[in-house]
Amino acid sequence: MCGIVGYCGEKDAAGILVEGLKRLEYRGYDSSGISVGYNDKLSIIKKKGKISNLQAAVPSDMPGTFGIGHTRWATHGEVNDLNAHPHSDNSGKITIVHNGIIENYISIRKKLKDEGVKFITETDSEVIAQLVSKFYEGDLEKAVKEALKHLKGTYGIVAIHADEPNRLIGARNGSPLVLGIGEGEMFLASDVTAMISYTKQVVYMEDGDVVVVDKDGFRTTDIRDNERDKEISTVGWDVGEMEKEGYPTFMEKEIFEQPQAVLRGMKGRLDPDQGTAKLGGLNMTNRELRMVNRVIILAAGTSSYSAMTCAYLLEKIARIPASAELSSEIRYKNPIVDPGTLYFVVSQSGETADSLYAMRELQRKGATVLGICNVVGSTIPRESDGGVYIHSGPEIAVASTKAFTSQLTAMYLFSLIMARMRDMSISKGKAFVDALSMVPENINKVLEQNEYIKTIADKYADCHSFFFLGRGLTYPIALEGALKLKEISYIHAEGYTAGELKHGPIALINEVTPSVFLVPDDSLREKIISNMKEVKARKGPIIAVAVEGDTDVADIADEVIYVPKAHELMYPFSMVVALQVFAYHTAVALDRNVDQPRNLAKSVTVE
Ligand code: AGP
């Protein structure tokens with residue numbers, strides 16, 4: 001969603017701000033803008049549409065060594081140049097950028113209007129600039145703090161004043177804000193990607209922080225001026241990981257990175273001798289883990305399907321009742337928190353508002369919540385009671401791929417630990433470890449079929465609707481396959497458990513509605529084959545993802561993508577990769593913007 005970048009230093013700010021905004025493009029946006037200070041004046045340039053529009057409007061020699069920039073994902077007010085950020089006060093001396101939602105903006109706006117303030121945008125954010133202006137008496141820090149006392153809602157804010165050159169004031173409440181420390185220059189941004197080409201030294205702001213930044217230093221307090229100590233962290237990845245490295249899109253690159261990402265997620269965590277695993281960050285003793293009698297995993301979107309896969313797995317191998325819940329639902333259910341229940345929240349970004357607020361609600365009721373996240377230093381891992389980083393590296397494409405298989409990896413390890421403490425023998429544990437170690441190679445074998453899967457995708461790209469069907473562990477994989485296809489190709493796709501087909505959806509099967517069946521060689525294979533026959537009897541085209549050597553499937557299906565034979569619990573990995581590749585090539589065939597699909601944002605930081 002919206003992205004923020006702020007700069008103060010000695011270089012020309014405009015170019016650095018635009019470059020930072022380009023790095024934030026992946027978050028999803030519909031307009032962008034910058035404000036740069038020079039000679040006691042602030043210049044603002046804002047443009048609807050792609051950052052290239054903004055870039056074209058910014059003069060290459062625009063002077064000024066401090067400024068702020070923003071990518072907007074519209075919530076309040078239509079998408080146009082005016083509603084884009086930065087927003088200014090009536091004097092034109094103050095500009096602000098804001099991520100989040102100001103819930104009481106209508107009443108503030110009314111009050112300020114009555115006092116003679118003129119509003120020119122439809123946004124909630126403009127009230128911040130006007131409020132800061134109202135309280136400004138020669139000290140921007142003071143004015144921002146005073147303004148914050150009147151705001152209800154969520155914000156990550158950066159403000160500048162024309163008469164206070166090379167100074168940024170940032171504040172955070174619910175929307176991420178990170179400080180970047182360079183050599184004689186400083187950055188404030190909604191995530192580190194905006195500044196990674198300049199510095200790896202960062203400070204993650206926390207809710208309630210107000211930070212005053214100039215080119216040589218920073219000071220953090222709360223809004224009542226109490227000092228807040230901060231720790232400097234070093235970002236563990238390079239700018240190179242933010243490049244496409246020869247791939248036409250980030251999504252394709254990330255799909256192909258999966259063997260390495262999964263391997264990294266297991267590295268140092270498997271214990272082959274004991275047939276188990278070790279996860280350092282859980283912050284729970286073995287005794288505490290043994291006392292867990294239920295696991296509930298919360299997440300949204302793609303992460304909810306990895307959560308669901310692992311809930312199935314936990315019940316199966318550890319014999320612990322486990323379920324996955326949508327974050328957006330559980331929060332408002334007034335959840336019953338039982339002391340024996342362990343909660344997980346799974347989130348690639350670690351910033352998804354639904355998941356974050358659900359986690360806080362559960363913690364308020366006494367729950368222990370562990371995080372499974374990718375983005376280091378993001379809010380969920382910092383506020384959770386422990387957890388695991390999946391280490392899949394930066395995921396830039398809006399459609400999540402490598403984070404999904406890395407989330408599975410982390411939760412497979414956790415399931416193994418729990419299973420070995422309960423029901424699973426050492427020999428079965430060892431077999432599980434061996435099977436998990438084979439996953440990267442099995443994914444590679446699917447990726448080797450890239451061209452072949454493309455021919456299938458090209459053939460069916462004109463269809464208007466698809467079904468994705470699996471059972472047991474591959475049911476969530478079918479849901480994820482359907483989500484992937486609809487997100488990036490805009491083709492309607494529904495995921496179902498194959499057993500449900502006959503209870504209604506089969507009414508939609510016809511010659512032009514393909515069904516993608518997932519057919520692992522497990523105890524449900526025969527059942528799925530029966531479901532395939534039901535579809536074939538109604539002339540529905542079938543694309544099957546089956547196990548090498550399964551000729552029965554080839555006799556029924558129109559197309560088969562084979563995955564290598566594996567331990568029956570490992571098929572979610574190879575099968576989901578086949579579906580990602582299929583969705584990817586379908587979207588490419590339809591000439592879609594694969595990395596930035598319409599209406600979607602990488603990190604959904606509003607409810
Ligand atoms: C993934 O392809 C989607 N763009 C989306 O469903 C995503 O998984 C969801 O918004 C949750 O994000 P998170 O993992 O960062 O919490």
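Student: Before we start, what does buried mean here?
Tutor: Buried means under 20% relative accessible area, exposed means over 50%, and partly exposed is in between. Keep in mind that this is a predicted model.

Student: Good. Is Lys484 buried or exposed?
Tutor: Lys484 has a relative accessible area of 1%, so it is buried.

Student: Which residue does the Lys484 side chain meet in a salt bridge?
Tutor: Its partner is Glu487, at 3.3 Å from N to O. Both residues lie in helix 17 (residues 475–489), three residues apart, about one turn of the helix.

Student: And is Glu487 buried or exposed?
Tutor: Glu487 counts as buried because its relative accessibility is 15%, and the limit is 20%.

Student: How many salt bridges does the structure hold?
Tutor: There are 38. One of them joins Glu206 to Lys230, with the closest N and O atoms 2.8 Å apart.

Student: Where do Glu206 and Lys230 lie?
Tutor: Glu206 is in the loop between strand 11 (201–204) and strand 12 (210–214), and Lys230 is in the loop between strand 13 (217–221) and strand 14 (233–234), so the pair ties together parts that are 24 residues apart in sequence. Glu206 is partly exposed at 39% relative accessibility, and Lys230 is partly exposed at 21%.

Student: What about Arg360, which residue is its salt-bridge partner?
Tutor: That would be Glu383, and the closest N and O atoms are 2.8 Å apart. This pair links distant parts of the chain, with Arg360 in helix 11 (residues 353–364) and Glu383 in helix 12 (residues 379–383), 23 residues apart. Arg360 counts as buried at 19% relative accessibility, whereas Glu383 is partly exposed at 27%.

Student: Which residues are linked in a network of salt bridges?
Tutor: Glu141, Lys145, Arg219, Asp225 and Glu227 are.

Student: New topic, the ligand. Which residues come nearest?
Tutor: Of the 14 residues around the ligand, the nearest are Ser303, Ser347, Gln348, Ser349 and Thr352. A polar side-chain atom of Ser303 is 2.6 Å from a ligand oxygen atom. Gln348 has a polar backbone atom 2.7 Å from an oxygen atom of the ligand, and a polar backbone atom of Val398 lies 3.1 Å from a ligand nitrogen atom.

Student: How much of the ligand's accessible area does the protein cover?
Tutor: The protein covers 91% of the 410 Å² that the ligand has on its own.

Student: Last one: how many residues are in the largest nonpolar core?
Tutor: It has 129 residues, and Ile34, Tyr412 and Phe432 are among those with the most contacts inside it. Helix 13 (residues 402–421) gives the largest share, 13 residues. A second, separate core of 26 residues includes Ile128 and Leu140.

Notes. Residues numbered from 1 in each chain as written. Predicted model: local features only at pLDDT ≥ 70, side-chain atom pairs only at ≥ 80, totals over all residues. Heavy atoms only, no water. Core = buried A, V, L, I, M, F, W, Y, C linked by side-chain atoms within 4.5 Å. Buried < 20%, exposed > 50% of the residue type's maximum accessible area, 1.4 Å probe, protein only. Helix = DSSP H or I, 4+ residues; strand = E, 2+ residues; numbered from the N terminus. Near = heavy atom within 4 Å. Polar contact = N/O pair within 3.5 Å; in protein donor to acceptor, adjacent residues only side chain to side chain. Areas by Shrake-Rupley, 256 points an atom, 1.4 Å probe, with all protein chains shown as cover. Salt bridge = Lys/Arg side-chain N within 4 Å of Asp/Glu carboxyl O.
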